[in-house]
Amino acid sequence: MSSKRAEFGSRLGVIAATVGSAVGLGNIWRFPYEAGTGGGAAFLLIYIVFVFVLGVPTICAEFSLGRFSRQGMPGAYSKTSGSRRWDFLGYASILAALMILAFYSVVAGWTLEYIIESVKSMFGDVDIADRHGAFTAFTGSWTAVVWTIVFLIINGLVMLGGVQKGIERVCNVLMPILFLILLAFSVNSLLMPGARQGLEFLFKPDFSALNAGVILSAMGQAFFSLSIGMGCMVTYASYFKDDTPLVRTSIEIAALDTLVAVMAGVIIFPAVFSFGMSPAEGPTLVFEVLPAIFHQMTGGPFWSLLFFVLLALASLTSIISVSEIVVTFLCDTLGWRRVKATVVLTLFTLVAATLCSLSFGPLRDLDLFNAFDFISSNILMPLCGLGVCVFVGWRMKRPEYEAQMRGRSRVPAWLFDTITFCLRYIAPVGILSVFIAGLM
Ligand code: TRP
């Protein structure tokens, strides 16, 4: 404990890093296809309720835990409770982080291939006759593995820079670019002939598509998209300054993250309808349907390049945050140096991600990709999310929690009370019942 713990330098940096964590493939790749298969507006509506009723209180809980203890996972639990009884939640979070890193970096790697493809198509013809075949062949190939490795190396380099000079600096540059690209796309999309139909799909609810499975996916999506239930926000908050306002920051994250998801919908659905495609394509929506659309669009290669750059940037700022969970653990709990932690994590992830990537080719039967996605998003995340709500709501000393939440910022009493009520009662009951209903 001789050297001082790192800190984020500015509040803008905090927002850039936490929103950078939240905004990722989850918003731009996963949200549109989940909404597409879950009935559009009906899904969106439930999703927003989950974000504010379960999400904001859970972010607040993670923030309080992280800044109070100034530890990542699982140290935040043992330091705050004075016992090791809760540590298992911390270890479960680290396991979830490792799994997410493995499959997330595969998809992130795909975006690099699509960037190169877009550039190539500016200069000549790219064969687009068989989109599905090309996508299947690519994802199952070693080329995909190479791109995943490239992505992980970039991630490792940012991590080596540390919290302030690596993560914060990169997010401060990338996040404004990301919002600018989103804005340009939204305008372009609203000018399309199918804009009306696309917007109706996204904003006019059809509740007949709803069932327990869709509701579980909406909750899983809210947790995944907000980066909660895995200690990510605990880890980042352990680097916050004492005067960073936790409640305000958590509401800003929720609002901006939802805004980006909605914008992704506004970008994608009008295009889907304009070009007579189906919104319910599933996971291939962004990688098969969109490229086909770009091909028919005026200025297609340009938009295509812009889109996949957007996706790559969003993935990078998210992968960084998942890596930080593990790096902070290795440094805090095992006392490693940052360089060693980053190198070991990168090597480990290279292997795990390669195995995931090959799930689309030679290792199809093992299918680690979907197994990791399912276990982390549908099982570990709800359980760890439940754990953090119960811990902070019921076990953490009330004055300690209140000092973090209200400390040096002015939070109106009604807001604090509402969030605390949601944290103690609504979130645990909600998470548990949706989790059980969804599994059945
Ligand atoms: N929120 C990111 C997305 O929407 C994914 C992510 C980053 C994440 N860090 C996380 C999910 C931590 C859960 C926990 O793409």
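In this predicted model, a residue is called buried when its relative accessible area is under 20%, exposed when that area is over 50%, and partly exposed in between (1.4 Å probe, protein chains only). Leu 216 counts as buried by this definition, because its relative accessibility is 12%. Local features were taken at pLDDT of at least 70 and side-chain atom pairs only at pLDDT 80 or more, whereas totals for chains, interfaces and linings use all residues of the predicted model. Residues are numbered from 1 along each chain as its sequence is written, and side-chain values use heavy atoms, with hydrogens and water left out.

The surroundings of the ligand are described first. The ligand is surrounded by 16 residues, of which the closest are Ala 22, Gly 26, Tyr 104, Phe 224 and Ser 227. Sorted by class, this shell holds eight nonpolar and eight polar residues and no charged ones. In this sorting, Ala, Val, Leu, Ile, Met, Phe, Trp, Tyr, Cys and Pro count as nonpolar, Asp, Glu, Lys and Arg as charged, and the others, Gly among them, as polar.

Polar contacts were defined as pairs of N or O atoms within 3.5 Å; within protein, one atom must be able to donate a hydrogen and the other to accept it, and residues adjacent in sequence count only if both atoms are side-chain atoms. A polar side-chain atom of Tyr 104 is placed 2.6 Å from an oxygen atom of the ligand. For Asn 27, the distance from a polar side-chain atom to a ligand oxygen atom is 3.3 Å. The backbone also takes part: a polar backbone atom of Phe 224 lies 2.8 Å from a nitrogen atom of the ligand. Taken alone, the ligand exposes 360 Å², and 100% of that is buried by the protein. These areas come from the Shrake-Rupley method with a 1.4 Å probe; for residues, only the protein chains shown count as cover.

The ligand sits in the largest cavity. Two or more residues of the shell around the ligand come from each of helix H1 (11–22), helix H2 (25–37), helix H10 (212–225) and helix H14 (300–332). Cavities were found on a 1 Å grid over the protein atoms alone, as sets of points where a 1.4 Å probe fits but cannot get out. A molecule sits in a cavity if more than half of its atoms lie within 2 Å of its grid points. Helices (H or I, at least four residues) are DSSP runs, numbered from the N terminus.

Leu 216 is part of helix H10. Ser 304 belongs to helix H14 and counts as buried, at 10% relative accessibility. Between the C-alpha atoms of Ser 304 and Ile 115 the separation is 7.7 Å, although the two residues are 189 apart along the chain.

Buried residues were also found in other helices. Ser 93, in helix H5 (residues 87–123), is buried with a relative accessible area of 2%. The side chain of Ser 93 reaches the backbone oxygen of Leu 89 at 2.8 Å. Thr 249 is located in helix H12 (residues 246–274) and is buried at 0% relative accessibility. The C-alpha atoms of Thr 249 and Phe 287 are separated by 33 Å, at 38 residues apart along the chain.

Backbone geometry was examined in the loops. Most residues other than glycine have a negative phi, and most peptide bonds are trans. Met 73 and Pro 74 are joined by a cis peptide bond with omega of about -10°, and Pro 74 lies in the loop between helix H3 (41–69) and helix H4 (75–81). Ser 227 has a positive phi, near 60°. Ser 227 occupies the loop between H10 and helix H11 (232–237) and counts as buried at 11% relative accessibility.

Phi of Asp 367 is positive, near 40°, and Asp 367 counts as partly exposed at 24% relative accessibility. Ser 359 is buried, with a relative accessible area of 4%. Ser 359 and Phe 369, 10 residues apart in sequence, have C-alpha atoms 6.1 Å apart.

How values were computed
A residue is near a molecule or strand if one of its heavy atoms lies within 4 Å of it. On a 1 Å grid over the protein atoms alone, a cavity is a set of points where a 1.4 Å probe fits but cannot get out, and a pocket is an open set with protein on both sides within 12 Å along at least five of seven lines; lining residues have an atom within 4 Å of a point.
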